[in-house]
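Please study the sequence and the structure before reading each solution.

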Amino acid sequence: MGLPALSRRLAGAALAVAAFSGPLQAADLVVSAASSLTNAFQHVAKAYETQHPDTRVVLNFASSDTLLRQIANGAPADVFASADQVAMDKAQAQGAIVPASRVDFAANQLVLIVPTGGAKVATLNDLIGPAFKRIAWGDPASVPVGRYTKGVLDRAGLTSRLQDKAVLAANVRQCLDYVVRGEVDAGFVYATDAAIARGKVTVALRIAPTTPITYPIAVVARSKHADQARDFIAFVRSVEGQALLADAGFLAP
């Protein structure tokens, strides 16, 4: 697929707002979480509901900055889980979260992936070569994995040299999908995302980011279920919650 088609798909994804699973009920707890948490938080929510049968956890996944815009615009949310500190710092500065509730709950790794059977990569400098015509990473303006990637490419002096090859994704899962479908020759994602596509992608490089990849979580300031939101955060940080995150490949914060 050419860049114009990819750009149209990206534009559509950027405009989409994550759909809730049915009408919200009074007891529903809305958790807005970064896309990279999708699989892990589905398991966490199910386990939480088992312990709290009167509560339905409604999960809303998107890039962290998109979620913050939704919350700032009045979308229902009780918990905000971000993939980086930058988005949570913005949320705190805007008064969108309860600062005292903010805690880190997980960590991750940045990796470069290629489609299975794709070109070999020994160093990031190999991306300059002709084997890599399109390279996906998150839009640094709105996607945490894009900010981590830009920091790495800036450090390596590669940002401007790879600019013409860049396919900017609306979130990390879109970046993963581009690589899985072979629409790009390589992509920057989290290790946890690469793990769910095992057999379809190959981890070519594990990369040390310029800042640690840590995930903060907080109660949304306008939450109508602040006590439940705190309970959910406590569960995420509990032994059971941390075990579920570890099963998904996340590291301790």
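A cavity is a set of grid points where a 1.4 Å probe fits but cannot get out, and its volume is the space filled by probe spheres set on the points. The model examined here is predicted.

**Exercise 1.** Determine what volume the largest cavity has and which residues lie closest to its centre.

*Solution.* 
Step 1. The volume of the largest cavity is about 60 Å³.
Step 2. Its lining comprises 13 residues, of which Ala-34, Ser-35, Ser-63, Pro-144 and Val-172 are the closest to the centre.
Step 3. By residue type, the lining of the largest cavity has eight nonpolar, five polar and no charged residues.

**Exercise 2.** Classify the ring pair of Tyr-48 and Phe-232, and then the ring pair of Tyr-48 and Phe-235.

*Solution.* 
Step 1. Nine aromatic pairs are found in the whole structure.
Step 2. The ring centres of Tyr-48 and Phe-232 are 5.3 Å apart and the planes stand at 70°, so this pair is edge-to-face. Planes over 60 degrees apart count as edge-to-face.
Step 3. Tyr-48 belongs to helix α2 (residues 38–51) and Phe-232 to helix α9 (residues 226–236), 184 residues apart. Both Tyr-48 and Phe-232 are buried.
Step 4. For Tyr-48 and Phe-235, the centres are 5.8 Å apart and the planes are at 70°, so this pair is edge-to-face.
Step 5. Tyr-48 in helix α2 and Phe-235 in helix α9 are 187 residues apart, and their pair links distant parts of the chain. Tyr-48 and Phe-235 are both buried.

**Exercise 3.** State which residues the ring pairs link into a cluster.

*Solution.* The cluster consists of Phe-41, Tyr-48, Phe-105, Tyr-148, Tyr-190, Tyr-215, Phe-232, Phe-235 and Phe-250, linked by ring pairs.

Terms used: Residues are numbered from 1 along each chain as its sequence is written. This is a predicted model: local features need pLDDT of at least 70, side-chain atom pairs count only at pLDDT 80 or more; totals for chains, interfaces and linings use all residues. Side-chain values use heavy atoms; hydrogens and water are left out. On a 1 Å grid over the protein atoms alone, a cavity is a set of points where a 1.4 Å probe fits but cannot get out, and a pocket is an open set with protein on both sides within 12 Å along at least five of seven lines; lining residues have an atom within 4 Å of a point. Ala, Val, Leu, Ile, Met, Phe, Trp, Tyr, Cys and Pro count as nonpolar, Asp, Glu, Lys and Arg as charged, and the others, Gly among them, as polar. Rings of Phe, Tyr and Trp (its six-membered ring) pair if their centres lie within 6.5 Å; planes under 30 degrees apart count as stacked, over 60 as edge-to-face and the rest as tilted. Helices (H or I, at least four residues) and strands (E, at least two) are DSSP runs, numbered from the N terminus. Buried means under 20% relative accessible area, exposed over 50%, partly exposed in between (1.4 Å probe, protein chains only).
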